[in-house]
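Colleague: Could you take me through this model, starting with the terms that we will need?

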Amino acid sequence: MAGGKQELRFRAISSLILWSVVFGLMFSGGWVGKIGSWVVIAFFGLMAQWEFYQAVGSRGVLLYRKSGLFCGLLIFLSSLWFLVLEPHLADFSWEAVSAILVLSIVGGLIRLVITGQPQENQVTSIGLTAFGLVYVPYLFNYVCLVAFYYEPLPEGHTAGLILLYLLVVTKFSDIGAYCLGRLFGRNKMAPGISPGKTWEGFAGGCLSSLGVSLLLVYLCQNQIAGIGWWDGVFLGLLLPVAATIGDLAESVVKRDAKIKDSGSSIPGIGGALDLIDSILFTAPVLYFYLYFVK
């Protein structure tokens, strides 16, 4: 019990520090805030990608980590260029990311042809390297798209209210699921993947996300990318579902690698992948909802 309280205390302190940095950058003006927000997104995205490669590589699988991380960096650099530095070219960001993904796969195959020395499971290595690129940097790059592409930023701000909405609704899903799961959790959701997850916790995550979604809609008075009450209800229930899937997806990776956390760089939380696993799925969901519905 003492260990659990200490872990919860570390988690609270780490969360407070991270939220302070994120919101400080989000609502600071000028280029410092813009570049700073991008740096935080790229830093955690690349760190999480590295942790994924570490987890998969711990099973003895050969991975082209440097090439994968280089392509991951290129994805975030493309967002920096097209969405932050040259926003009038924002529509080209899709083509740039697509080209990087093609480069990662074709480049790996060309590498095999040039070396001329096929080794066991090399195609698997290329596939897993590319999967790590799509799973982390590509999906996490939707945070950049939500922050810098969809909603024109208010004068002097860097990430806008829509990014605030994404992060708060996603993380309240995690908080609600954790608290209600600890208090009332009885029925396991996916015992073979994540034994700690319960349907009661899932319900708590949906309720807390729905509540904070409607609260933000009320406080911001239709200023969050045009999100109204019905959007707040729908997204307040849809995003926690996506967050839960993202959390379970990372649990599959960790269970396969036989590890508890993706890393130990963030006290009480684990690694960067543990921090952003749910956002990897909620950011694309929110972006496409806004793109196709609003």
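Modeller: Contact here means heavy atoms within 4.5 Å, and helices (H or I, at least four residues) and strands (E, at least two) are DSSP runs numbered from the N terminus. The model is predicted, so that local features need pLDDT of at least 70 and side-chain atom pairs count only at pLDDT 80 or more, while totals for chains, interfaces and linings use all residues. Residues are numbered from 1 along each chain as its sequence is written, and side-chain values use heavy atoms, with hydrogens and water left out.

Colleague: Which elements does the chain have, and in what order do they run from the N terminus?

Modeller: The chain holds 10 helices and 2 strands. Read from the N terminus, their order is α-α-α-α-α-α-β-β-α-α-α-α.

Colleague: Which residues in H10 does H8 meet?

Modeller: The axes of H8 (residues 229-257) and H10 (residues 279-292), which are lines fitted to C-alpha atoms over the stretch in contact, with angles from 0 to 180 degrees between N-to-C directions, come within 8 Å and cross at roughly 145 degrees. From H8, the residues taking part include Asp231, Phe234, Leu238 and Ala249. Their partners in H10 are Phe281, Thr282, Val285, Leu286 and Tyr289.

Colleague: Is Cys71 buried or exposed?

Modeller: Buried means under 20% relative accessible area and exposed over 50%, with partly exposed in between (1.4 Å probe, protein chains only). Cys220 has a relative accessible area of 12% and is therefore buried. Because its relative accessible area is 6%, Cys71 is buried.
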